[in-house]
Amino acid sequence: MILYLVRRLLALAGVLLAIAAVTFLIFYVLPTDPAAAACGKTCSAERLADVRQYLGLDKPVWEQFADFLTGIFTGRTLGTGQFAVHCDFPCLGYSYENSLPVWNLLMDRLPVSASLAVGAAVLWLLLGLGAGVTAALRKDTATDKALMVGAVAAASLPVYFTSVMLIYGVIRVAGLLPYPSYQALTDDPLAWASNLLLPWTALALLYAAMYARQSRGSMIEAMAEPYIRTARAKGMPERTVVVKHGLRSGMTPILTIFGIDLGGLLAGAVITESIFGLPGIGRLFYGALVSSDQPVVLGVTLLAAFFIVVANLVVDLLYAVVDPRVRY
Amino acid sequence: MTTTASGAAPEAGPEAAPEAAPAGTPAKDVAPGSSPWQLARRELRRRPAVRVSLGVVLLFVLMALAAPWLSALGGWSPDEFDKAAIDPYLGGQPLGSLGGISPEHWLGVEPVTGRDLFARVVQGAQVSLLIAFAATAIVVLAGTAAGIAAGYFGGRTDAVLSRLMDLTMSFPSLIFMIAMLSVAKDVNRIVLMTSVIGLFGWPGVARVVRGQTLSLKHREYVDAARVGGASSWRILTRDILPGVSGPVIAYTTLLIPGMISTEAALSYLGVGVRPPTPSWGQMIAESVSFYETDPMYFVIPSVFLFLAVLAFTLLGDALRDILDPRGGRT
């Protein structure tokens, strides 16, 4: 188990390093000139050269990348002379747009994105697994068919359509909720939840549909296993059979996609955050793209990759908990 | 192992992840003598929803192919302004009810410009489906090649290719696609989008194919071919490839709706095709701000996108049931 964990952590570091390198190459070497973006529209050639030197863009690529990596682990000093700024560990550089450390920008927005992703995840697990398990237990009945048709339809609706419809129906017409404006959970839990309810619903509808389809399939497969028959033959109550034996082994494939989805959403809910005006990481990313703020773009990409690989690792470790047949 | 392996992060659209089903040749549990075609016909008879979705898919493909003729039939080209169809005193709202639907403009017009929505939706179908199909083709070709190579040659080839698959799947694909598309400028957007979307989708196919190849490569008929002196190339193309084609076809059909959604999401975010070329996602993005004043403008492209994704998903489900019995028919 320990050996497995060490091996996985090493692989994880390798993957992140590779992603950092690829991202760095794409955004620092390709077309747009970061110095010009940082310097602004009214920029003389002299000033541009200064900026380029200040940002370290006059160095060879591999050296820039090495500096960037050193910054993440130990912090680094940007610029020289009187303009030198020390960027503390973990340093992802400074935003060209507002000269704030990228790390702080990310951490400021993380609570918003995490609230959105985790809340939506809870909702879609409840809805999706509920619908999927119900459909599996009532296989080939009208309930099953209705649930599955609903699931395919919901999965086919683009999230921006559902979001706009929710805003129109719930906020504009019915006036049930205020237009979402993020409130911190620690300030006012009720306002936090009511503001996020619509974004949660929009995301949860899309994902719940996929989970319903997936969990129906794996649940039907699990319920056909011989040990289910054994459990029933022992006289175990049906409820216990379904929950303890069927659901538990049927959950393994669900766990895989859940890890990927949640990890991907933590820093990747670009569309939902933009539509609902939530100041999360996805919107930070989108804004940074529009203004060619490359350090921020790079930072978000790395953070998003970090969430995905960590989520994958956690999922693999959880297998052993959920499915007693898995051992490391 | 089951994974979401659609071209994009899931926020971009529905799952395009049929279950990977490495074991067994296609349709092994069916009575002997049933060809895939017979099975497909039986399935069509059994499920009316599949018939309808097949019809919708064919209709959309025809619509995309015949786009220029269809807009000529409607009498308007997609980029033609019609100032007579909008009300200049009302912020360019379309004249008439339902977004200006009339015998002149079959699906109404765009506010402000008065461009014909029918022509634009049809043209948009061409762009959206072209990108989706081309990206799927890239994904399937690259994925099949990588999967067969990894599964058949094993050893170092497998190790390298499998690491590459893991690495690609760890990329935050939607974020990455958006970033790449916004960095690259002044090139053919359709080609660019196709390749960027295709870049992240191949590992899903590769994993399915690799698993299938592993189970096929030690079958007697493959051994026989090897002993008979057939080259690796011949074995791969004549003996292995036909065996993996069933799951690949099913997987491919389920990839398409994911690709359509991804294209729409990227165009919605403004990093996809550039105006005036319409695509469904881009039309929806443009119409969002009008959803209260001119709802039809928003609803029409959304309905087309919804129907296309829905129909391809249903068709893919049915094909999976036919060609890949372990993944479906439960």
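In this predicted model, in which local features need pLDDT of at least 70, side-chain atom pairs count only at pLDDT 80 or more, and totals for chains, interfaces and linings use all residues, helices H10(A) and H13(A) are roughly antiparallel to each other, a term for angles over 145 degrees. Residues are numbered from 1 along each chain as its sequence is written, while chains are lettered from A and ligands numbered from 1 in the order in which they are written.

The axes of H10(A) and H13(A) cross at roughly 165° and come within 8 Å; such axes are lines fitted to C-alpha atoms, for helices over the stretch in contact, with angles running from 0 to 180 degrees between N-to-C directions. The crossing of H10(A) past H13(A) is right-handed, that is, the near helix is turned clockwise from the far one by less than a right angle. Residues of H10(A), including Met251(A), Leu255(A) and Gly259(A), meet residues of H13(A), among them Ile308(A), Val315(A) and Tyr319(A). Contact here requires C-beta atoms, placed from the backbone, to lie within 7 Å. The residues of this contact comprise 14 nonpolar, 6 polar and 1 charged, where Ala, Val, Leu, Ile, Met, Phe, Trp, Tyr, Cys and Pro count as nonpolar, Asp, Glu, Lys and Arg as charged, and the others, Gly among them, as polar.

H5(A) passes H6(A) in a left-handed crossing, the near helix being turned anticlockwise from the far one by less than a right angle. Ala131(A), Thr134(A) and Ala135(A) of H5(A) make the contact with Thr143(A), Asp144(A), Leu147(A), Met148(A) and Ala151(A) of H6(A). These residues divide into 5 nonpolar, 2 polar and 1 charged.

Chain A as a whole has 13 helices and 2 strands, both being DSSP runs numbered from the N terminus (helices H or I, at least four residues; strands E, at least two). Of its 328 residues, 43% are buried, with 20 or more other C-beta atoms within 10 Å of their own, these atoms being placed from the backbone. The C-alpha trace of chain A spans about 85 × 60 × 35 Å along its principal axes.

Chain A also touches chain B, in a contact that takes 47 residues from chain A and 42 residues from chain B. Helices supplying at least two residues each to the chain A side include H1 (2–29), H8 (189–223) and H13 (294–322). That side divides into 36 nonpolar, 8 polar and 3 charged residues.

Terms used. A residue is buried if 20 or more other C-beta atoms lie within 10 Å of its own, exposed if 12 or fewer, and partly exposed in between; C-beta atoms are placed from the backbone. Two residues are in contact if their C-beta atoms, placed from the backbone, lie within 7 Å. Angles under 35 degrees count as roughly parallel, over 145 as roughly antiparallel, 65 to 115 as roughly perpendicular and the rest as oblique.
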